[in-house]
Amino acid sequence: MERQFTKEIESLRLGDGETFHGEGILAVTKALLQAGVSYVGGYQGAPVSHLLDVMVQAKDYLDELGVHVEACTSEASAAAMLGASINYPARGAVTWKSIVGTNVAADALSYLASAGVMGGTLIVLGEDYGEGGVVAQERSHAFALKSLMWLLDPRPNLSTIANMVERGFELSEASNTPVMMELRIRACHVRGSFRSKKNLAPAVSTLHKLDGPPKEFIYDRLAHPPATFRQEKLKSDVRLPAARRFIAEHKLNEVFPGTENVGIVVQGGLYNGLMRALRTLGLADAFGASRIPILALNVVYPLVPDEIAGFAENKRALLVLEEGQPEFIEQEIATFLRRADVPGKLHGKDFMHMAGEYNLEAMVRGLSRFVEIHAPHLDTSSGAAWMQSVQRTKEKASATLAALPVRPPTFCVGCPERPVFSAMKLVANEIGRPHVSMDVGCHAFASFEPFSQGNTLLGYGMSLAAAAGVNPMSSKRAVAVMGDGGFWHNGLLSGVASNLMNKGDGVLVIMKNGYASATGTQELLSSPPEDARMVAVGESAAGADRTIENTLSGLGVKWLRTVNNYDVGAMARTYREAMTTPEKGLKVIVAEGECQLERQRRLKPQVADKLKKGERYVRVKYGVDEDTCTGDHSCIRLSGCPTLTVKDNPDPLRRDPVATVIDGCVGCGLCGENAHAAVLCPSFYRAEVIQNPSVWDKLMHRIV
Ligand code: SF4
Ligand code: SF4
């Protein structure tokens, strides 16, 4: 696992009146326990991975409370877990990265929202939208609207976030509706504190078990016709009004008064950015007092018509700050105001851009326009000066950056996936480039230089399915690359089973690195067993488990090879055979090599222990003989390792920079393998750095 959360787990035990310090997402974890959650599930993904990671690591404490925690195999299984709250008064929470995870969970969510819930359910979404986002840029808001599930978007401070977790459960129970809470990247990682409360023992738990199913069988709790027709009516006739009543009565949305007769309606999650923009414009102080009144929507769906009309009353104009497209909130507000005959101008996307994050610069620009037209007496000259300075910085940066080489993101130093792409590149030089269907995960880095392999990306575990249409139309076999995380998430059924059922062809490369590495090295069904990891100093532990191979054989995959990733020659031979064999059917190469990041983390304490005890330890490092290096850099084009780089040629008569290996080299061996497999120049050498040398080592050192 990426991190040990020992300190954070301790803070889960905090009681009444104590102070919780930490990140936003960890405040959610504590608040779930304060709210008496009975069960927690989810699928890892930034920026909410820590919620589940902490819960999994805190198993002993959660057992004391009777809280059940499940690391689900996909968001769909996590969403389906919430079915426990349909019939029983059990509060449940699940978490995943959105929009991708919500897409995967969509089926179960639709059924859950239709049936409605008795126990409160909270879905904590890592809203991966905006400048740091790594998935398709869409908003979870659309799911809330189409299924009539409520959507919280709390102001990014720990007290509000924790409070909204508890109110979220109550709202869910008051309206029998699942509630989603979106937390943007910054909200997840915002640091702060809040006054904690004692954790509540769940009403139903692993300690207080249910006697059995409900005494009275209620067909209406099944999302199945004819119940679904009644459930659809219940959503708008009963659940929606109940939710609006709860939101208004408990003042979940917050009004911050001001002196001007214009107003701003903002998604709660954008509140901190708005305050910074107002301050930059000279319209707010450092303590959050704004001259313009603000309605911060901690609940962005449903909106409460009276609340909106009440805020807009007597205001000359409103500006709605709603990130992304389309402008769901603005459209709904326009409808409410028109129906209530509230005069005044409504602005939003006419002053702000439609697609993309509302960063400080965008907010300052939009607010300046709004103020200029509707409150021109306000002095915003400090904002104008700031914008000019930003512009100057941009111009300077673009002039400087134009002179710098592009540095695409890449694999970690020593990553086991890099040699596979080196081998694929070597074979492509011989047989021509095939279509490569890429998947979500670390291997997607191979889409960048120097590999440039990956023609499509259709979702987690979807690469083989995405090759199904291309393969029959291609003269060369299409190649799908998939991680072991993606394989278990969706790839086994959507890809492998579908290919076998359709008697498909093609090549599937499964990166068996042992963990869901890209999300923080969480465990998989095929992760190496704990004892295999402990004894494997210097070795890959990924091969200790054969579940993937056994599953594929059991399903009927006939052409199946497991290859050590770092053996570039063997990998190239196997891949070439898969691409060219006349044998029909799916060809699967299990590329085996433990995630180097996890391996280094695992080995670090073991190595430190050895050194402390004075035991001999040998570290391998590669290097380049600068006199032999020809300076053509084909080794770099075949590897892309960040520690294999260039330096000035020491020979005054030669101008081309030579290759060099810098300090971070972990001695993975790829440099030597590539030099051998691609018959490169003989300039690479392998060195052994011996710590705590033996008498023999010292003697040999003297002799040599
Ligand atoms: S996290 Fe692991 S699998 Fe991912 S790039 Fe780093 S070493 Fe490779
Ligand atoms: S051996 Fe080469 S590829 Fe491996 S870590 Fe060292 S420099 Fe990078």
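## Cysteines and disulfides

A disulfide is counted here as a pair of cysteine sulfur atoms within 2.5 Å, and in general terms a disulfide is a covalent bond between the sulfur atoms of two cysteines. By this rule, the count for this structure comes to zero disulfides. This is a predicted model, in which local features need pLDDT of at least 70 and side-chain atom pairs count only at pLDDT 80 or more, while totals for chains, interfaces and linings use all residues. Residues are numbered from 1 along each chain as its sequence is written, chains are lettered from A and ligands numbered from 1 in the order in which they are written, and side-chain values use heavy atoms, with hydrogens and water left out.

Cys635 counts as buried at 12% relative accessibility, where buried means under 20% relative accessible area, exposed means over 50%, and partly exposed lies in between, using a 1.4 Å probe and protein chains only.

## The surroundings of the two ligands

A residue is taken to be near a molecule if one of its heavy atoms lies within 4 Å of it. Around ligand 1 the residues are Phe411, Cys412, Cys415, Glu417, Cys442, Asn513, Ser517, Cys595, Gln596 and Leu597, and this shell divides into six nonpolar, three polar and one charged. In this grouping Ala, Val, Leu, Ile, Met, Phe, Trp, Tyr, Cys and Pro count as nonpolar, Asp, Glu, Lys and Arg as charged, and the others, Gly among them, as polar. Cys595, one of the residues around ligand 1, is buried, with a relative accessible area of 7%.

Around ligand 2 there are 13 residues, of which Cys641, Thr643, Cys665, Cys668 and Cys671 come nearest. The shell of ligand 2 divides into nine nonpolar, four polar and no charged residues.

Helices (H or I, at least four residues) and strands (E, at least two) are DSSP runs, numbered from the N terminus, and two strands pair if DSSP finds at least two bridges between them. Strands of a sheet pair through backbone hydrogen bonds, either parallel or antiparallel. Strand E4 (residues 92-98) is mostly covered, since seven of its seven residues are buried. Strand E2 (residues 39-42) pairs with E4 in the parallel sense over four bridges, and within this pairing Val40 stands opposite Ala93. E4 also pairs in the parallel sense with strand E5 (residues 121-127), over seven bridges, and the bridge partner of Lys97 in E5 is Gly126.

Five strands form an open sheet with mixed pairing, in the order E9-E11-E10-E13-E14. Strand E9 (254-256) and strand E14 (345-347) stand at the edges, each with a single partner strand, so one side of each is left without a neighbour in the sheet. On average, neighbouring strands of this sheet are turned by 20 degrees against each other, direction ignored. Strand E10 (residues 262-267) and strand E11 (residues 294-297) run parallel and are joined by four bridges, and Gln267 stands opposite Leu297 in E11.

His141 is found in helix H8 (residues 141-147) and is buried, with a relative accessible area of 1%. Leaving out residues up to four places away in sequence, His141 touches Leu151, Val300, Tyr301, Phe328 and Ile329, where contact means heavy atoms within 4.5 Å.

Another open sheet has six strands in the order E16-E15-E17-E18-E22-E21, with parallel pairing. Strand E16 (456-457) and strand E21 (559-564) stand at its edges, and each has a single partner strand, so one side of each is left without a neighbour in the sheet. Strand E15 (residues 436-438) pairs with E16 in the parallel sense over two bridges, and the bridge partner of Met438 in E16 is Leu457.

Which helix holds Leu500? Leu500 is found in helix H19 (residues 484-501) and is partly exposed, with a relative accessible area of 24%. Leu500 touches Leu555, Gly556 and Val557, not counting residues up to four places away in sequence. Leu500 and Leu586 are 86 residues apart in sequence, and 7.2 Å apart in space from C-alpha to C-alpha.

Methods: Axes are lines fitted to C-alpha atoms, for helices over the stretch in contact, and angles run from 0 to 180 degrees between N-to-C directions.
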